[in-house]
Protein chains: 2
Amino acid sequence: MTHAKTQLFEANQQEIAQIAKALAHPARVAIIQFLAKKQVCISGDISNELPLSRTTVSQHLQELKALGIIQGEVSGLNVCYCLDLKVVKHIKHIFNIFFDEALANPPAQCC
Amino acid sequence: MTHAKTQLFEANQQEIAQIAKALAHPARVAIIQFLAKKQVCISGDISNELPLSRTTVSQHLQELKALGIIQGEVSGLNVCYCLDLKVVKHIKHIFNIFFDEALANPPAQCC
DNA sequence: AATCTATGTCGTATATTTACGTCATAGATT
DNA sequence: AATCTATGACGTAAATATACGACATAGATT
């Protein structure tokens, strides 16, 4: 395998990259914003909202679920999704630490 | 083109996704952390630090430069890179707004 | 019981990303 | 002037992501 060297990096770096990857598509950002606005909503409502086919949206939902930032709960024929606020808070924290470390030691000037 | 539907989303969603994409590889996270620690350093030092070939690292550097989060300055034979703290602050701000919106309206429970 | 419906899975085509060797070049060293 | 060196650009192969139609299925409706 000439590829997939991501596991050669530190766990910390992999975690940030993995979270970022889950947020790296506007459809997934839109899903999170939509869930934040509606608080709770069924799968069909989400795909109706987005300019993508139902199956593509379903795929994006699975990715967000894999990260843990959303939860899905079956309710009869529908599946009901919502944000997991605990995970949102954790991600916010991880990113803030990352950015604060980047801001901690300002260079006098670049070179 | 059956692909590339990213432009069908809101500017706000595209910006977040674009930033996230730039952070979505551990090598690029590592580069940012390394620049934060060293404050200023030359291209060769960065590629020596990472478990990737020099050209691959160069490619990652170009991506971060395209986002604007790092700057490169030619200094003789070397190229000197550093973080653009203004951009780091902006990105931190964008993400915090995004997460805070997601946390603003907590559902009583999921479904 | 037969049918309908909302959803996820599978297969697949295309696009993009990742990774690296080779090459070109600007500038340093001899 | 000739050579050396650090870097980016280019070409390309392999991996991964994106997008969607066809299909399967659990549960509702008739």
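Which element gives the largest share of the surface near DNA strand D? The points below take this up along with the rest of the predicted model.

1. The contact between chains A and B. Chain A puts 46 residues into this contact, and chain B puts in 46 residues. On the side of chain A that touches chain B, two or more residues come from each of helix 1 (11-22), helix 2 (26-38), strand 2 (70-75), strand 3 (78-83) and helix 5 (85-104) of chain A. Helix 5 of chain A gives the most, with 11 residues. By class, this side of chain A has 31 nonpolar, 9 polar and 6 charged residues. Of the interface residues of chain A, 100% are also interface residues in chain B, so the copies meet through the same surface.

2. DNA strand D. The answer to the opening question is helix 4 of chain B, which supplies 5 residues of the surface near DNA strand D. Both protein chains take part: helix 4 of chain A, and helix 3 (43-49), helix 4 and strand 3 of chain B, each supply at least two residues. DNA strand D is surrounded by 32 residues, and the closest are A:His3, A:Gly76, B:Lys5, B:Ser43 and B:Gly44. The surface divides into 11 nonpolar, 18 polar and 3 charged residues.

3. DNA strand C. Around DNA strand C there are 32 residues, of which the closest are A:Lys5, A:Ser43, A:Gly44, B:His3 and B:Gly76. Here at least two residues each come from helix 3 (43-49), helix 4 (54-67) and strand 3 of chain A, and from helix 4 (54-67) of chain B. Helix 4 of chain A gives the most to this surface, with 5 residues. The classes are 11 nonpolar, 18 polar and 3 charged.

4. Helix packing in chain B. How do helix 2 and helix 4 of chain B lie to each other? Their axes come within 10 Å and cross at roughly 75 degrees. Angles of 65 to 115 degrees count as roughly perpendicular, and the two helices of chain B are therefore roughly perpendicular to each other. From helix 2 of chain B the contact takes B:Ala27, B:Arg28 and B:Ile31, and from helix 4 of chain B it takes B:Val57, B:His60, B:Leu61, B:Glu63 and B:Leu64. This contact has 5 nonpolar, 1 polar and 2 charged residues.

5. The sheet of chain B. Chain B has an open sheet of 3 strands in the order 1-3-2, with antiparallel pairing. Strand 1 (40-42) and strand 2 (70-75) of chain B are at the edges with a single partner strand each, so one side of each has no neighbour in the sheet. On average, neighbouring strands of the sheet are turned by 30 degrees against each other, direction ignored. Strand 2 and strand 3 (residues 78-83) of chain B run antiparallel and are joined by 6 bridges. In strand 3 of chain B, B:Cys80 stands opposite B:Glu73.

Methods: Residues numbered from 1 in each chain as written. Chains lettered and ligands numbered in written order. Predicted model: local features only at pLDDT ≥ 70, side-chain atom pairs only at ≥ 80, totals over all residues. Contact = placed C-beta atoms within 7 Å. Helix = DSSP H or I, 4+ residues; strand = E, 2+ residues; numbered from the N terminus. Nonpolar A, V, L, I, M, F, W, Y, C, P; charged D, E, K, R; others polar. Near = placed C-beta within 6 Å. Axes fitted to C-alpha atoms, helices over the stretch in contact; angles between N-to-C directions. Parallel < 35°, antiparallel > 145°, perpendicular 65-115°, else oblique. Pairing = 2+ DSSP bridges.
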